[in-house]
Amino acid sequence: MKNIVEISDPKYPSLLKKIDQPPEKLYYKGNWNAALFEKCLAVVGSRKMTSYGRQITAKLVSEIAAEGITIVSGFMYGIDAAAHKAALAAGGKTIAVMPCGIDLIHPEYQADLYKEILKNDGLIISEFEGAFPPALWTYPRRNRIVAGLSLAAMVIEAGQKSGSLITAGLAEKYKRKLFAVPGQLTSTQSKGTLRLIKAGASIVTCAQDVLAAYGISNHKIPGEKLRSLNLNKLERNIVEKLQQEPMRIDALSRLLEVTASEIGTSVSLMQLKGFLFEEEGKYYVN
Amino acid sequence: MLIKVSSASNSGLQTIAIDVEINVAGKGLPAFEIIGLPNKAVDESRDRVKTAIINSHIQFPSRRITINLAPADIPKEGSFYDLPIAVGILASVVGYQLPEESLFFGELSLDGTLRHTRGALLLSLFAKEKGIKNIFVPKASANEAAIVKGVNVYPIESLNQLSSYFSGEIDLQPAKYIEAKDDWMNAQAEFDMAEILGQEQAKRAAEISASGGHNLFLVGTPGSGKTMLARALAGILPSLSEKESLEVTKIYSASGRIPPEGSLVKTRPFRAPHHTISRVGLIGGSTKPQPGEVSLSHRGILFLDEFSEFPRSVLEALRQPLEDGSLTISRSRERVTYPSRFVLIASANPCPCGYLHHPKKPCLCTSREVEKYRKRVSGPILDRIDLHIDVPVVDIKELAKDRRLKDELEPSAIIRGRVIRARETQKNRFFDDGIHTNAEMKNKHIKKHCPLSKEVRHLLQQAGMNFQLSARSYYKMIKVARTIADLDDSRDITVSHMAEALQYRPRVQERE
Amino acid sequence: MKTSNGVKTKNLETGYMGEAIAKKYLEDNGYRVVELNYRTKYAEIDLIAYDKDVLVFIEVRTKIGEQFGTPEETINKNKISRLIRNAEAYIAIKNCQKECRIDAFCVVLDKNRKVERRNHYKNITL
């Protein structure tokens, strides 16, 4: 079986044809399924992901992917990998576009993620044949496919000179919608995204902002279902504090004047019930 | 004239009887020889003994003196044959009648006085075992030997004193028997738990660790108080029992770590070797196997700061002692077993630069670097650590302002009370199992002592899926939950016990 | 020793002088000298005497001036082991059953062959 789709093939994604110099051939791994290309969102961002970046990627992407949007990204470490992972975690679809020959896994140490994508009916594609090595110039080429495949592009964290800004530029050039996720004004990894927002990119404050562009409107905000659940007094107090500010068990223990042992117990139980999630020791209301 | 003096030699914690035979020939050229596989230190005892005798103003015989250390096929080392050799020569020159059933042991100084010599306790224990009534040891080592009941320990200051005793000019009193009491207070640990502000969860983990003997892994940025916490943990452990104290003292005696005039080791050892330590330094060894840090921390705490900086080969060597509580060092000439039942407290930075998740300082590491750094600690070692906990940086200034918090902080003594109770519960439970703490439980013990209700099992399964727990972690969680239940005086492990235990699950991805 | 004949003769003369001095000294101190320059197959023993009942082998070392080293320095480990071998040979030949020892006697002469100092070292092998 030859895993190649040529530009003349009816299976070739129509959106991609519309860009300048679309790739003549697409090599792929996995099952080519035209439905995969119907609603694509490019998610790109910095390799130097901050903890905020990881957290917000997991949250936004999983909510978006859960609505059936295919997440397209570049399989690089940092935001790219986080986006693929979040899509998989939400049971969604994802496409990884490689900057190298189709037979290579780059970066190699993400082989686990690579297998995971294929196992979950995702797709790995590349315009380069065989074991073509990645080079400086292949990354922008790859970015043009990421942007070209997608109806919209979302940038989560980008430094001043991030490669994801190239993808953002290409998306605008191809008349696709551009989303940017705001970050802290002080963070170097927010400089790029904030500039995009200033220049007119749509600001993302929740998954709904992005989903609207795909005509999905009645997205449920997961946090809301919490209120209806019956929690005991300590649990209610914990949720109340955490809604104000995410914090560690130590801080909760001090604020509520309850031993760390009791807080730990409640928090574990609530986490397993899906009310809370933990990120680097701090607990957040889901 | 042939004289026989009894002494003993230590190999690890074993003691072997050694007969020192002294022959002073009536003819032939004068000479002084030691035979019977002596090493350099023993061979040099010729010069020490000769000079010490001369400096004690006793005529050194101008005869042919042959010393044999029997049995002749065991290699002899150390300086403690000085005294038996000197005694034998004195007896042959002056014609003293040596007391019967006596062991002699000690190193001589050139001026004829006796020096503190390692292993006096082992000798004393040996004498008791063999029914030997008297032992003569250097005065500085007498307290160490006097721990053993039923053995007359004669503290010897110098050759002159001993010779006066033999000739009946003075009388010698045996050292007083030093009784080991169970009710010692732990000597104050360096830090009291009440001195640590914040870190509520880490303190709780320390309490669980101390109660169940669980190993503890602390992850936190530099300056977050990992070391302080580890040192304070020493203060909440129950004090050593008489039996434990003797075990520890034996190891310290064998390696010469008991100071002159020192006696029983009464405080739990706290050892914190630097990460440049060698394999031999950590687990023990060399040609004459010496106990390493793992044995020196027997019944106490082994604190390995900067755990991920330790060479892998060194850490891998921890596997046997962690698993078995003892360590066998085999060398071509001998094989020695040292006990090594300790609580391991490991601490590490969250990333190479140390400031990952720090509220103020930026972390300079890429996620790739962080991942690589965390993988540096070997999986099998992490598998043997039950409790994993983050130690975040606390804003001390902010916390110190809050007087209310400060006054309410629990002192170590109260926490220790709970720990002792929990240990007592465990002691009764494991009466027939030959183990002492929950951490020592093997799978069969877990099956026997930790039946889980349907709800608890369900919770654990749910956690297994959500937190990607390995099969090993699954058992660790049960052990930790058992200890939490013991602290709670609960016979059964409840859902809340298990839920709390899940807080201490390994966060570093384990490799299967 | 491949030095000129004159020097060798001179050294020998010095040696004999030293031995004579030693013999005199020992006899004055109650020793009974039994052998002078006793030759075994390997070497010779300078003096053999009885100190009461003890058989004493005496090695005599003589030097003129101490600029080039003391006589004591010339008795090294090697020399001592040779002395022991010679003594044991003598004991064997004479089938001696007595207590024995080895002494050293050091003599320093000045330019005019006058005695500057002499020292008797007892029991050098122990």
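Biologist: How much of chain B counts as buried?
Modeller: Of its 512 residues, 48% count as buried. A residue is buried if 20 or more other C-beta atoms lie within 10 Å of its own, exposed if 12 or fewer, and partly exposed in between, with C-beta atoms placed from the backbone. This is a predicted model, in which local features need pLDDT of at least 70 and side-chain atom pairs count only at pLDDT 80 or more, while totals for chains, interfaces and linings use all residues. Residues are numbered from 1 along each chain as its sequence is written, and chains are lettered from A and ligands numbered from 1 in the order in which they are written.

Biologist: How many helices and strands are in chain B?
Modeller: Chain B has 22 helices and 18 strands. Helices (H or I, at least four residues) and strands (E, at least two) are DSSP runs, numbered from the N terminus. The C-alpha trace of chain B spans about 90 × 50 × 45 Å along its principal axes.

Biologist: Which domains does the assignment give for chain B?
Modeller: Domain 1 (2-166) and domain 2 (193-502). Those bounds come from an automatic or database domain assignment. The C-alpha centres of domain 1 and domain 2 of chain B lie 44 Å apart.

Biologist: And how many residues of each are in contact?
Modeller: In chain B, 16 residues of domain 1 are in contact with 19 residues of domain 2. Two residues are in contact if their C-beta atoms, placed from the backbone, lie within 7 Å. On the domain 1 side, β1 (2-11), α4 (120-130) and α5 (139-145) of chain B each supply at least two residues. By class, that side of domain 1 of chain B has seven nonpolar, six polar and three charged residues. Ala, Val, Leu, Ile, Met, Phe, Trp, Tyr, Cys and Pro count as nonpolar, Asp, Glu, Lys and Arg as charged, and the others, Gly among them, as polar.

Biologist: On to the chains. Which pair has the most contacts?
Modeller: Chains A and B, among the two pairs that touch. Chain A and chain C have no contact, and their closest C-alpha atoms lie 70 Å apart.

Biologist: What does chain B put against chain A?
Modeller: The contact takes 21 residues from chain B and 19 residues from chain A. Elements giving two or more residues to the chain B side are α7 (200-212), α14 (367-374), α20 (454-466) and α22 (495-502) of chain B. That side of chain B has six nonpolar, ten polar and five charged residues.

Biologist: Staying with α7(B), how does it cross α18(B)?
Modeller: The axes of α7(B) and helix α18 (residues 412-429) of chain B come within 8 Å and cross at roughly 35°. Axes are lines fitted to C-alpha atoms, for helices over the stretch in contact, and angles run from 0 to 180 degrees between N-to-C directions.

Biologist: Is that crossing right-handed or left-handed?
Modeller: The crossing of α7(B) and α18(B) is right-handed. A crossing is left-handed if the near helix is turned anticlockwise from the far one by less than a right angle, and right-handed if clockwise.

Biologist: Which residues meet there?
Modeller: From α7(B), Glu207(B), Ala210(B) and Ser211(B); from α18(B), Ile415(B), Arg418(B), Val419(B), Ala422(B) and Arg423(B). The residues of the contact of α7(B) with α18(B) divide into four nonpolar, one polar and three charged.

Biologist: New topic, the backbone. Where is Pro71(B)?
Modeller: Pro71(B) is in the loop between β4 (64-70) and α3 (82-94) of chain B. A cis peptide bond joins Ala70(B) to Pro71(B), with omega about 0°. In chain A, the peptide bond from His106(A) to Pro107(A) is also cis, with omega near -5°. Pro107(A) lies in the loop between β5 (94-97) and α4 (111-119) of chain A.

Biologist: What is the phi of His57(B)?
Modeller: Positive, about 60°, although His57(B) is not a glycine. His57(B) is in the loop between α2 (45-55) and β4 of chain B. With 10 C-beta neighbours inside 10 Å, His57(B) counts as exposed.

Biologist: And Glu306(B), what is its phi?
Modeller: Glu306(B) has a positive phi of about 55°, and is not a glycine. Glu306(B) lies in the loop between β14 (301-304) and α12 (312-316) of chain B. With 16 other C-beta atoms within 10 Å, Glu306(B) is partly exposed.
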